[in-house]
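Please look through the structure shown here.

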Amino acid sequence: MKDAAAIVGIGQTPFAKHLPEAEKTLACRAVLDALDDAGIAPSEVDAFASYTMEETEEVEVAKAIGAGDVTFFSKVGYGGGGSCATVAHLAAAIATGQATVGVAWRSRKRGSGARPWRNTQQQLPTPAQWTRPFGLLRPVDEIAMLTRRYMHEFGVSRDHLFNVALACRNRANQNPAAMMYERPLTREMYMTARWISEPLCLYDNCLETDGALACVVVSADRARDCRRRPVLVHSAAQGMPAQHHGMVNYWCDDPLEGPAWTAARRLWEGADLRPQDVDVAQIYDAFTALVPLSLEGYGFCGRGEGGAFTEGGALEIGGRLPLNTGGGGLSEAYVHGFNLINEGVRQLRGTSTAQVPDASTCLVTAGEGVPTSALLLRS
Amino acid sequence: MATHPKSTRTSVPAQQTARKDGAPAAGPDASGRTGATASGPQLRTQSDNGLLLPVPDEDGAPFWEYAARGELRVQSCADCGELRFPPRPCCPRCQSFADSWERMSGRGRIWSYVLPHPPLLPAYAEQAPYNAVLVELSEAPGIRLAGNVVAAPDAALDSVDPAKLRIGAPVKAVFHEMAPGTTVPRWLLERP
Ligand SMILES: [Zn+2]
């Protein structure tokens with residue numbers, strides 16, 4: 001599958017706390033925007049992939065945009081863990097001849113819609129019965145639990161987490177499409193911010209966003225005839241470690257060695273490249289602490305070294321590993337990580353608002369701490 | 001991996017390996033109806049003061065039945081003795097479907113903890129910031145039960161000064177009845 005498929009179109013709606021249009025409408029707009037970017041007619045689309053949490057069905061998107069006969073469709077579970085897998089599934093389908101033009105998308109009104117954790121009636125019995133009665137109500141509580149342990153075991157500090165928040169915010173300040181475009185962040189703001197779940201404060205949390213994104217995947221051969229410079233899917237992987245329990249992954253031998261490690265082994269096995277070859281990364285950042293954990297998992301540093309890795313401007317433009325160059329989930333938009341995919345494509349086209357000079361390799365990751373996925377893209 | 005307390009299988013009630021065929025009278029409905037609880041056919045998900053009650057599934061029901069009797073028990077393989085949590089249909093080590101429920105000493109250590117602040121559900125916001133902890137059981141350090149460290153079994157979620165919480169601090173289990181028929185383990189500091 002190496003380099004067999006390419007992303008040739010990306011599309012998105014504006015990002016905002018509140019958009020008036022329905023999720024379905026936003027989904028259609030993002031998909032059509034991506035097809036237009038690719039220069040491919042909607043009637044040529046024969047494959048779809050999205051998240052199980054996506055509430056617009058393929059049938060709705062396909063009939064609205066005027067897709068042709070569809071021969072492949074797939075949905076990936078575990079929230080933001082599925083982002084990169086949507087592209088991976090399309091790439092695999094295209095590489096194996098099951099389809100020719102695939103669209104992946106995510107549309108979500110998490111900014112103006114309900115917070116899922118507020119729903120008391122729809123408690124998933126497993127594993128909510130083991131956590132929610134005790135007031136571990138929200139994803140932030142579950143990840144804060146891992147974060148405190150991570151800080152305790154490895155000396156990760158709030159300054160390290162701030163480095164992540166700051167890098168994302170600085171890139172958002174360069175990106176007019178980002179929700180935090182005109183909102184700089186200072187260390188003082190971070191250190192005095194209100195807690196959400198100690199040890200995580202407001203700025204350790206991603207945004208709440210209305211918005212939709214999509215991308216178009218075709219074979220590498222076909223990609224040569226498209227409107228834009230193709231971005232090849234060099235390697236892709238999903239990862240669910242042995243004895244993993246999902247977001248509340250408290251019952252394996254080492255909860256701090258999560259799905260990133262599993263996905264990374266497969267990702268690098270399928271690649272001609274190593275971590276040191278990566279020019280720019282888009283690392284899933286629903287919470288700041290997921291970034292240093294992911295940097296360890298994907299092999300940019302050793303176990304427990306993720307915090308120290310962020311020091312000295314390493315994550316900024318010109319640093320060891322510039323990341324989340326559109327602002328990420330922390331400062332551009334939180335749409336279950338799909339904006340990280342589109343930003344990875346922009347970097348390899350050379351059109352990012354925070355362009356890494358001559359970037360030719362980009363790692364994109366999905367949610368860490370849940371069954372996850374990753375893409376290694378190259379130009 | 002986890003150590004297995006010897007010779008405790010005989011102390012476990014008779015439903016240990018046949019619980020899927022019938023729920024004990026005092027315990028949650030294990031018939032497989034999603035969300036059914038001890039309070040009867042009406043889905044009960046909150047206590048009178050608005051805290052969320054555990055909504056057991058079929059695998060988890062025995063844990064809550066034993067908790068209602070003031071016993072902390074963990075599912076174990078009846079063939080190879082491996083403890084497992086959360087409970088599940090078969091043993092990941094030997095694939096046996098026979099299980100037993102082993103009584104734990106109730107001793108453990110804090111593995112990590114958080115202090116949630118609003119926005120929260122109203123009943124939790126009232127007590128925020130409170131602590132939520134993960135406790136590693138002495139018998140099986142890989143089993144980490146979520147809970148709350150409190151000053152007394154029926155005390156509020158914020159009854160212990162957060163400054164007294166430390167990773168590694170020894171704790172012991174007590175039991176608190178959240179609603180009629182629904183009891184949860186909670187934790188007291190061994191050295192308050
Ligand atoms: Zn066994």
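**A walk through the model**

A polar atom of the side chain of E296(A) lies 3.0 Å from the backbone nitrogen of G306(A). This is a predicted model, in which local features need pLDDT of at least 70 and side-chain atom pairs count only at pLDDT 80 or more, while totals for chains, interfaces and linings use all residues. Residues are numbered from 1 along each chain as its sequence is written, chains are lettered from A and ligands numbered from 1 in the order in which they are written, and side-chain values use heavy atoms, with hydrogens and water left out.

E296(A) belongs to helix 10 (residues 290-297) of chain A; helices (H or I, at least four residues) and strands (E, at least two) are DSSP runs, numbered from the N terminus. With a relative accessible area of 4%, E296(A) is buried. Buried means under 20% relative accessible area, exposed over 50%, and partly exposed in between (1.4 Å probe, protein chains only). The side chain of E296(A) also makes a polar contact of 2.5 Å with the side chain of Y150(A). A polar contact is a pair of N or O atoms within 3.5 Å; within protein, one must be able to donate a hydrogen and the other to accept it, and residues adjacent in sequence count only if both atoms are side-chain atoms. Leaving aside residues up to four places away in sequence, the residues that E296(A) touches include W261(A), C301(A) and R303(A), where contact means heavy atoms within 4.5 Å.

Strand 2 (residues 47-51) of chain A is another enclosed part. Five of its five residues are buried, so this strand is largely enclosed by the rest of the structure. Strand 2 of chain A runs parallel to strand 3 (residues 72-76) of chain A, and five bridges join them; two strands pair if DSSP finds at least two bridges between them. S50(A) has K75(A) in strand 3 of chain A as its bridge partner.

Salt bridges come next. Over all chains, the whole structure holds 30 of them, each being a side-chain nitrogen of Lys or Arg within 4 Å of a carboxyl oxygen of Asp or Glu. One joins D3(A) to R378(A), with the closest N and O atoms 3.0 Å apart. D3(A) lies in the segment before strand 1 of chain A and R378(A) in strand 11 (residues 372-378) of chain A, so the pair ties together parts that are 375 residues apart in sequence. D3(A) is buried, at 18% relative accessible area, and R378(A) is partly exposed, at 26%. Another salt bridge links K2(A) and D272(A), with 2.6 Å between the closest N and O atoms. K2(A) is partly exposed at 38%, whereas D272(A) is exposed at 53%.

How many residues does each chain bring to the contact between chain A and chain B? Chain A gives 37 residues and chain B gives 44 residues. About 3800 Å² is buried between the two chains, 61% of it from carbon and sulfur atoms; buried area is the accessible area (1.4 Å probe) that two parts lose on being put together, summed over both. The interface has zero salt bridges by the rule, but 20 residue pairs in polar contact, both at pLDDT 80 or more. On the side of chain A that touches chain B, helix 5 of chain A gives the most, with seven residues. Strand 5 of chain A runs antiparallel to strand 3 (residues 107-116) of chain B, joined by two bridges, and E198(A) stands opposite L115(B).
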